[in-house]
Amino acid sequence: MKLPDKYYHSSDVVALSRDLIGKYLFTSINNEVTGGYIVETEAYNGIIDRASHSFGNRLTSRTRTMFEQGGIAYVYLCYGIHEMFNIVTSVAGQPHAILIRAIEPTDGIETILTRRNMETIKPNITRGPGSVAKALGISRNINGISLQSDTVWVEDRGLTFTNKEVIAAPRIGVAYAGEDALLPYRFYVKGNIYVSKPNK
DNA sequence: ATACGGATTGACT
DNA sequence: GTCAATCCGTATA
């Protein structure tokens, strides 16, 4: 059921970002399985992408994870508050990553509600990358872990969306990247309530 | 050693 | 719509 390791070894991180829409992301933390299907992603295209941490081949203690072979998690802290969950792709030495920005929750709803301090499901429970990580119990201590592990993984359950239902648009929050901020590297399911706005 | 600011969210007007 | 929260990676010295 898990996507095989080789799935993540493609050098086309943008195509993979599109393909991950509709795939199921799960975590098992303290024996509690939570997850749902991906409805929003963003591609970060390695050393030539000004929006990427790895732009200009920047290899540091933080970005080291991105330089490993695809098929592992890259988790970092943003704004001192929010954990961001990414999937590393491509081969070792080519630092590609895909940010998971939103999922539609399907499994472990009670646990997700507890982690999010909510009593009922609202759209913002897994809307936005910081919210996804919190809902799934993801933190920096799973940085670098394999997606073949039983802690975090992705499954294909046969759910698909047509190209008409999936929008390609510029990424969010990367204005510092100059003209690279205009690249259509963000993918989302049109109209899905869990997608961070705009979602039309 | 120090300064700057970010792949954001949620509370509040 | 505005804005505070909050830590660490990164650049500069």
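The lining of the largest pocket is made up of 14 nonpolar, seven polar and five charged residues. In this sorting, Ala, Val, Leu, Ile, Met, Phe, Trp, Tyr, Cys and Pro are nonpolar, Asp, Glu, Lys and Arg are charged, and the others, Gly among them, are polar. This is a predicted model, where local features need pLDDT of at least 70, side-chain atom pairs count only at pLDDT 80 or more, and totals for chains, interfaces and linings use all residues. Residues are numbered from 1 along each chain as its sequence is written, chains are lettered from A and ligands numbered from 1 in written order, and side-chain values use heavy atoms, without hydrogens and water.

The largest pocket holds about 480 Å³ of space. Among its 26 lining residues, Tyr44, Tyr76, Cys78, Ile172 and Gly173 are the closest to the centre. (A pocket is an open set of points on a 1 Å grid over the protein atoms alone, where a 1.4 Å probe fits, with protein on both sides within 12 Å along at least five of seven lines; lining residues have an atom within 4 Å of a point.)

| Protein side | DNA strand C side | Distance |
|---|---|---|
| Arg62, side-chain N or O atom | sugar or linking oxygen | 3.1 Å |
| Tyr79, polar backbone atom | base oxygen | 2.4 Å |
| Gly80, polar backbone atom | sugar or linking oxygen | 3.4 Å |

Note on methods. Points joined across faces, edges and corners; volume = space filled by probe spheres on them. Polar contact = N/O pair within 3.5 Å; in protein donor to acceptor, adjacent residues only side chain to side chain.
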